[in-house]
Each structure stands twice: as structure tokens, then as C-alpha cells.
Amino acid sequence: ASLVHPKDSTAALYTGIVAQQTDNQALARESFEKYLTVGGKDPAIFYAVSSSYKNDKNFDKALEVLDRGIAANPSNKDLKSEKINIYLTSGKTEDAISNLKQSIVADPNNVQNYLIIGSLYNNSAQNFSDELRKLTEQSRKGSQIQKRIDNAKDQQALFAGEVKRLNAAIAKQPKNAELKRQLNDVKAKEADIKNQLAQAEQEMKDYQSSQQAAGSSDATKLDALTAKQNEYRKLELESYTKALQIEPANYDANFNMGVYYFNEGVLVKNRVDGMDMQTYQKEGKTVEQEAVGKFKQAMPYFEKAYEAKQEEEVKSNLRNVYNILKQYEKTEAYDAKLEKVK
């Protein structure tokens with residue numbers, strides 16, 4: 001039928017569907033492409049053809065098909081979302097952000113655009129996490145080595161003083177076997193700490209050499225990446241804020257905003273969890289209150305999202321927030337709230 005009537009979109013469409021169901025992907029794509037060429041506008045077919053090119057890692061062609069589909073179906077969210085997914089899959093996050101910025105200029109009251117670009121900013125911020133973790137560990141390495149050096153030097157000074165004291169005592173009691181035994185024991189410990197000090201000092205030299213070879217210190221890189229990550233987080237927050245200004249009761253905007261502040265709270269809480277007892281006694285309570293503040297900021301957004309939709313994801317997050325605040329504030333005030341989201 002398609003051969004007899006080459007401009008018949010219906011025949012091309014069903015040829016593609018049957019070919020797809022019989023796993024003849026080459027014919028399916030050829031038929032769907034023909035369907036689109038003769039004027040077919042079904043968004044599902046644009047999506048299918050784009051996915052076919054995406055599976056072949058021909059991302060440019062996949063994007064070109066989606067652009068045609070969006071032009072034919074300007075209000076279709078699935079095609080727009082898939083375009084963002086392809087940008088991300090192909091490692092073109094900045095292109096996706098740029099594309100959405102243009103869409104926002106063209107349609108400044110489209111909530112969906114702000115939600116998607118906010119998610120992209122979040123994705124960009126998360127991309128720094130692994131590298132930041134490595135740099136943080138590497139940066140700590142230098143301070144840990146220095147701490148070992150300082151401790152070894154302190155012990156070395158103590159042992160030297162003890163050797164001096166024992167030598168003086170032996171000079172007065174040259175036949176005292178116990179004093180001699182103590183002196184030998186202290187000298188053995190002094191030699192051991194001397195070896196530990198030499199090893200730590202060599203590790204410090206190697207660490208400093210690696211820093212020089214890298215061209216800049218881990219601390220400098222850490223500051224630069226942290227600043228970039230914070231920039232993306234700020235843009236993410238601005239995007240969700242704008243979405244809520246347009247549509248205050250929007251489920252996704254409220255949920256994403258809640259997640260934003262909840263994650264901020266988790267980051268602060270992790271600082272507390274990583275403290276030693278001495279640091280915790282000095283500043284732990286203050287940092288805990290900072291974490292509580294973040295969780296309290298998340299709470300009303302999750303509650304607003306729950307009002308819009310009683311989805312399991314928002315229920316789970318609300319329960320977590322209520323339980324965390326109940327634990328920190330040591331109050332039963334959240335029990336009634338917990339009962340409502342079971």
C-alpha cells in the first residue's frame with residue numbers, strides 16, 4: 001500500500017509498527033521516517049525514531065528528529081524532556097541548559113522549563129561531588145601527615161628528656177640494674193619514634209612534590225570547584241523559586257525545593273558526623289542547629305507537595321524530616337504529623 005500510495009502516511013505508519021513488533025528495526029525506522037516525511041505528526045513516532053538514533057549513539061540525528069517533533073507538537077512535554085535526556089546522555093549538559101534558557105526567554109511562564117533547568121543545574125552540581133570528595137581526602141592527607149610529624153616530634157622530645165633524666169640517675173647509681181633496663185627501653189622507643197618521624201617527613205616531601213607537579217595545590221582546586229558547585233546550586237534554587245512564583249501549588253516544584261533544602265541539611269549533618277569529640281564539644285551543637293534549620297526549611301515544601309499529591313516519594317521524605325527534627329529537638333510535637341503521612 002505504501003508503494004502504491006507513497007504519500008499515504010497511514011500505510012507508512014502501520015508498516016513501521018509491524019516492522020517494530022517483528023524486531024525489524026531497520027525497516028521500522030525507514031517506515032517511520034517516511035511517515036514523518038509525508039506529513040505525519042504523531043509525537044510517539046518522533047520519539048521512536050529519535051530513540052532509534054539514540055540507541056545507535058547518533059545523538060545529532062536523534063536531536064534533529066526531536067526538533068522536528070517539537071516544531072510539529074510545540075506543547076508536547078515528552079519530546080522536550082527526551083531532548084534534555086539526549087543532551088545529558090551525550091555529555092552536553094551545557095547545551096541542554098543553553099537550550100532551556102532560550103525556551104524560557106520565549107515562554108517565561110512555562111513552569112516545566114524552570115523545573116527541567118533546575119534539575120540540570122542539580123545534575124551539574126552533583127557532577128563535581130566525586131572530584132570534590134577526592135580532593136577533600138587528598139587535602140586532608142597533607143594535614144594528617146603534618147599531624148603525625150608534630151606528634152612524633154613531641155614524643156621524641158619527651159623520650160630525649162627521659163633519657164637525660166635516666167642517665168643522670170645512673171650516674172648517681174651506676175649499679176642500679178632497673179635504671180639501666182628503663183634506659184634501654186626508652187632508647188628503643190626513641191629509636192622507633194625517630195624512624196616514624198623520618199617516614200612521615202619523607203611522606204610529606206612526596207606529598208609536596210605531587211602538589212608542585214600538579215601545578216596547584218589541592219586546597220586551591222578544592223576552593224575553585226566548591227565555588228563552581230555552589231554557583232550551580234544557587235541557580236538550581238533560583239529556578240525552583242521562579243517555578244513556585246508562577247505556580248505555588250506545583251507538586252514537582254515544591255518537592256524539588258524540599259529535596260534541595262533536605263540535601264543541604266544532610267551535608268551539614270555530615271560535617272557533625274565527621275567531627276572528633278574535641279571538635280564536637282567546641283562547635284558541634286552550633287553546626288547541629290544549622291542542620292536543623294535546613295531540615296525545617298525543607299519541611300513546608302514537602303508538606304505543600306503532599307497537599308498536591310500523596311505520592312510515596314514525598315511521604316517518605318516527610319517522614320524522614322519529621323523523625324530527624326523529632327530526634328534533634330527531643331519533642332513529641334512531630335508525632336501527630338507522622339500519623340498523617342502513614
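## Overall dimensions

The protein has a radius of gyration of 32 Å, whereas a compact globule of 342 residues would have one near 20 Å; the radius is taken over C-alpha atoms, and the globule rule is 2.2 Å times the number of residues to the power 0.38. Along the principal axes, the C-alpha atoms fill a box of roughly 120 × 50 × 40 Å. This is a predicted model, in which local features need pLDDT of at least 70 and side-chain atom pairs count only at pLDDT 80 or more, while totals for chains, interfaces and linings use all residues. Residues are numbered from 1 along each chain as its sequence is written, and side-chain values use heavy atoms, with hydrogens and water left out.

Of the 342 residues, 37% count as buried. Buried stands for under 20% relative accessible area, exposed for over 50% and partly exposed for what lies in between, with a 1.4 Å probe and protein chains only. Among contacts (heavy atoms within 4.5 Å) with a separation of 6 or more, 58% are between residues 24 or more positions apart.

## Secondary structure

The protein has 14 helices and zero strands. Both element types are DSSP runs numbered from the N terminus: helices are H or I with at least four residues, strands E with at least two. Read along the sequence, the pattern is α-α-α-α-α-α-α-α-α-α-α-α-α-α.

D23 lies in the loop between helix 1 (9–21) and helix 2, and K330 is in the loop between helix 13 (312–329) and helix 14 (335–340). D23 is exposed because its relative accessible area is 59%; K330, at 72%, counts as exposed.

L27 belongs to helix 2 (residues 25–37). With a relative accessible area of 31%, L27 is partly exposed. Its C-alpha atom is 8.2 Å from that of T15, which is twelve residues away in sequence.

A125 is placed in helix 7 and is buried, with a relative accessible area of 2%. Leaving aside residues up to four places away in sequence, A125 touches Q229, Y232 and R233.

## Aromatic pairs

The structure holds eight aromatic pairs. Rings of Phe, Tyr and Trp (its six-membered ring) pair if their centres lie within 6.5 Å; planes under 30 degrees apart count as stacked, over 60 as edge-to-face and the rest as tilted. One of the pairs is Y260 with Y261, which is edge-to-face, at 5.3 Å centre to centre and 90° between the planes. Both of these tyrosines, Y260 and Y261, are buried.

Y261 also pairs with Y301: the ring centres are 6.0 Å apart and the planes are at 15°, so this pair is stacked. The pair links distant parts of the chain, with Y261 in helix 11 (residues 251–273) and Y301 in helix 12 (residues 277–308), 40 residues apart. Y261 counts as buried because its relative accessibility is 12%, whereas Y301, at 25%, counts as partly exposed. Y251, F255, F262, F295 and F302 form one aromatic cluster.

## The second largest pocket

Rolling a probe the size of a water molecule over the atoms shows where empty space is left. On a 1 Å grid over the protein atoms alone, a pocket is an open set of points where a 1.4 Å probe fits, with protein on both sides within 12 Å along at least five of seven lines; lining residues have an atom within 4 Å of a point. The second largest pocket has a volume of about 230 Å³, that is, the space filled by probe spheres set on the points, which are joined across faces, edges and corners.

The lining of this pocket has 14 residues, and I70, K80, N99, S103 and N113 lie nearest its centre. Helix 5 (77–89), helix 6 (93–106) and helix 7 (111–127) are the elements that give two or more residues to the lining. Helix 6 supplies the largest share, five residues. The lining divides into six nonpolar, five polar and three charged residues, where Ala, Val, Leu, Ile, Met, Phe, Trp, Tyr, Cys and Pro count as nonpolar, Asp, Glu, Lys and Arg as charged, and the others, Gly among them, as polar.
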